[in-house]
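Please look over the structure shown here. The report below takes up a loop, a helix pair and some ring contacts.

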Amino acid sequence: MAKSKISTQDFYNRVYEIVSKIPEGKVTTYGAISAYLGVESGARMVGYALNNYLAKDLGYHIPAHRVVNRLGQLTGRAYFEGDSMRERLEQEGIVFKSPYTVDIDLHFWDPLSNS
């Protein structure tokens, strides 16, 4: 049976949908979103989707600041003005292990378990 292909825009929209569900005070990872969407090794594609979102005014808000890498590092912070990614997370009560690494064990939200 052949795998069905999903368009890039459809994939991006699915990423935006799951990111919109991340609760305040929680973070998830690019890989966890990819796994939820059933895309093996798709963490980088999730990053591309979020970069696309942040680069354009798409007319709606998603909490992209709540997506970090598998180690809890704020790898997407370059796409946020100043230090606003970290500041937003701090305002939500996120605990940091180092200046740009959240305590992933304390704040991880798994879309597979919480959807």
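Is G42 buried or exposed? The relative accessibility of G42 is 1%, so G42 counts as buried. The model is predicted.

G42 sits in the loop between helix 2 and helix 3. S41 is placed in the loop between helix 2 (30–36) and helix 3 as well. S41 has 76% relative accessibility and therefore counts as exposed. Buried requires under 20%, and exposed requires over 50%.

The backbone of S41 also deserves a look. Its phi is near 55°, a positive value in a residue other than glycine. Most residues other than glycine have a negative phi.

G42 and A78 are 36 residues apart along the chain, and their C-alpha atoms are separated by 21 Å.

## Helix 1 against helix 3

Helix 1 covers residues 8–19, and helix 3 covers residues 43–55. Their axes come within 9 Å and cross at roughly 85°. Helix 1 is therefore roughly perpendicular to helix 3, because angles of 65 to 115 degrees count that way.

Helix 1 contributes F11, Y12, V15, Y16 and V19 to the contact. Helix 3 meets them with M45, V46, Y48, A49, L50, N52 and Y53. By class, the contact has 11 nonpolar residues, 1 polar residue and no charged residues.

## The aromatic cluster

Which residues form the aromatic cluster? Y12, Y16 and Y53 form one cluster. The whole structure holds 2 aromatic pairs. In the pair of Y12 and Y16, the ring centres lie 6.4 Å apart. The planes are at 55°, so this pair is tilted. Y12 and Y16 are 4 residues apart in helix 1, which means about one helical turn separates them.

Y12 counts as buried because its relative accessibility is 14%. Y16 counts as buried at 2%. Y16 also pairs with Y53, with ring centres 5.6 Å apart. The planes of Y16 and Y53 are at 55°, so that pair is tilted too. Y53 is buried, as is Y16.

Key
Residues numbered from 1 in each chain as written. Predicted model: local features only at pLDDT ≥ 70, side-chain atom pairs only at ≥ 80, totals over all residues. Heavy atoms only, no water. Axes fitted to C-alpha atoms, helices over the stretch in contact; angles between N-to-C directions. Helix = DSSP H or I, 4+ residues; strand = E, 2+ residues; numbered from the N terminus. Parallel < 35°, antiparallel > 145°, perpendicular 65-115°, else oblique. Contact = heavy atoms within 4.5 Å. Nonpolar A, V, L, I, M, F, W, Y, C, P; charged D, E, K, R; others polar. Buried < 20%, exposed > 50% of the residue type's maximum accessible area, 1.4 Å probe, protein only. Phe/Tyr/Trp six-rings, centres within 6.5 Å; stacked < 30°, edge-to-face > 60°.
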